[in-house]
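These are my notebook entries on a structure that I looked through step by step. I wrote down each term with its cut-offs where I used it.

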Amino acid sequence: KRIVAGFVGRFDDFPVHQLCYNHSSTTAQELRLSIEEQDELDPPVDGFQMTPFHVLCSTDEPCREILQVLLEKYSHHALGWKDANDKLAVD
């Protein structure tokens, strides 16, 4: 039950994560606007300690345009951040 509870509403407070998760229906412009609304230099980290990079890269076929926006908008050092499972976004 605890695991399921973690997934229910997982992205409610993380709109950038939600857009990355739904990358196949997200435009680069939508993502840019959402990131700009957050007004953060570093990417947000969810309850699983995942950044938007983790969310995007965990999909079967990450969208290159969405990845490019993340790389433009967030500091590259975030690629070295590990999630709760001690994994980098590119692992």
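I began with C57 and found that it is partly exposed, with a relative accessible area of 26%. For this I took buried as under 20% relative accessible area, exposed as over 50%, and partly exposed as in between, with a 1.4 Å probe and protein chains only. C20, in contrast, is buried, at 0% relative accessibility.

Before going further I noted that this is a predicted model, in which local features need pLDDT of at least 70 and side-chain atom pairs count only at pLDDT 80 or more, while totals for chains, interfaces and linings use all residues. I also noted that residues are numbered from 1 along each chain as its sequence is written, and that side-chain values use heavy atoms, with hydrogens and water left out.

In general, a disulfide is a covalent bond between the sulfur atoms of two cysteines. The cysteine sulfur closest to that of C20 is in C57, but the two are 8.9 Å apart, which is too far for a bond.

I then turned to the rings, and the search of the whole structure gave one aromatic pair.

For the overall fold I counted five helices and zero strands in the protein chain, where helices (H or I, at least four residues) and strands (E, at least two) are DSSP runs, numbered from the N terminus.

Which residues of helix α5 (residues 64-73) are buried? I listed I66, V69 and L70. They cover an arc of only 100° around the axis, and therefore sit on the same side of α5; the arc is that of the directions from the helix axis to the C-beta atoms. The face turned away from the buried side of α5 carries the exposed residues R64 and E65. Among the elements that cover the buried residues of α5 are α2, α3 (28-38) and α4 (52-57), with contact meaning heavy atoms within 4.5 Å.

In α3 I found A28, L31, S34 and I35 buried. Their arc around the axis is only 130°, so they too are on the same side of their helix, α3. The cover of these buried residues of α3 includes α2 and α5. Just after α3, I saw that D39 takes a positive phi of about 55°.

My last entry concerns the whole chain, in which buried residues make up 33% of the 91 residues. Of the contacts between residues at least 6 apart in sequence, 66% join residues at least 24 apart.

Conventions:
A disulfide is a pair of cysteine sulfur atoms within 2.5 Å. Rings of Phe, Tyr and Trp (its six-membered ring) pair if their centres lie within 6.5 Å; planes under 30 degrees apart count as stacked, over 60 as edge-to-face and the rest as tilted.
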